Amino acid sequence: MYHFFVEPEQIHADDKSVIILGADVNHIKNVLRMKVGEEISVSNGQDDCEYRCGIAEFGEDSIRCELRFVKEDSVELPVKVTLFQGLPKGDKMELIVQKAVELGVYEIVPVSTKRCVVKLDEKKAAAKVLRWQGIAEAAAKQSQRGVIPRVKPVVSLSQALEQAAEMEVRLIPYELERGMEYTRELLSGMQPGQRVAVFIGPEGGFEESEIALARDKGVCPITLGRRILRTETAGMTVLAWIGYIMEQ
């Protein structure tokens, strides 16, 4: 079933209708070629509900849908995970954004670290973030998320640590860390409603001085096992583990 996002005011509970506007109108009419009567699901990005609708009428620049029922079972993770991702080479960030959204990430913060090969000026960074946000929206639709995770502007590691300062759980996978029992303990100790920061290094990982800085700021180094994971794999591993532990 196709999934779309609308503003809360586009959902009219009084007459049980939902109005689709913007680029989705053309996508539904001319790309998907959907017909009157076909069912779609809609989220407003705020209340974590899924609104099941049937297409009732095509307008020139809008689509009116009939609200059939509201599914209130949450599809979001019980914790809000912010992925602080070290900037990778090439188009790896696109894959990371897509898969992180599918796995339930709450927001993504690109981070420029000492071993980042990619160096973006302000203009290029803004353009990249805009593209990554589009990928996040598409992934949220595909995975029928209740919200569209935000991709925030690129920051330095020190700025990222400041953003994470008020989060209840702060983790930084590090290849020199040992002891899976500690990793299990931290992940199993998370509580619903907590905010979780996950710091992932770029290719080559974090420098020891960066790990030391993170420790000083209260971030807990953990291991992800005996194997060295690529930057595009590490964050996905942590998100998958969190989903396994937290979702019932």
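Two strands are taken to pair if DSSP finds at least two bridges between them. Helices (H or I, at least four residues) and strands (E, at least two) are DSSP runs, numbered from the N terminus.

Colleagues, the structure is a predicted model, in which local features need pLDDT of at least 70, side-chain atom pairs count only at pLDDT 80 or more, and totals for chains, interfaces and linings use all residues. Residues are numbered from 1 along each chain as its sequence is written, and side-chain values use heavy atoms, with hydrogens and water left out.

I begin with the sheet. An open sheet is formed by 6 strands, in the order β1-β4-β5-β6-β3-β2, with mixed pairing. β1 (3-5) and β2 (11-12) each have a single partner strand and stand at the edges, so one side of each lacks a neighbour in the sheet. In general, strands of a sheet pair through backbone hydrogen bonds, either parallel or antiparallel.

Turning to individual pairs, β4 (residues 39-43) and β5 (residues 50-58) run antiparallel and are joined by 4 bridges; Glu-39 has Gly-54 in β5 as its bridge partner. Between β5 and β6, also antiparallel, there are 8 bridges, and Glu-57 stands opposite Arg-64 in β6.

Helix α1 (residues 23-31) lies across β1, β3 (17-20), β5 and β6 (63-71), and runs at about 160° to β1. For that angle, axes are lines fitted to C-alpha atoms, for helices over the stretch in contact (heavy atoms within 4.5 Å); angles run from 0 to 180 degrees between N-to-C directions.

Which residues of helix α2 (residues 92-102) are buried? They are Met-93, Ile-96, Val-97, Ala-100 and Val-101, where buried means under 20% relative accessible area with a 1.4 Å probe, protein chains only. Because they cover an arc of only 120° around the axis, they lie on the same side of α2; the arc is that of the directions from the helix axis to the C-beta atoms. The buried residues of α2 pack against β7 (80-86), β8 (107-112), α3 (122-142), β9 (150-151) and α7 (231-246). After α2 comes Gly-104, with a positive phi near 105°.

Thank you; I welcome discussion.

Terms used: Buried < 20%, exposed > 50% of the residue type's maximum accessible area, 1.4 Å probe, protein only.
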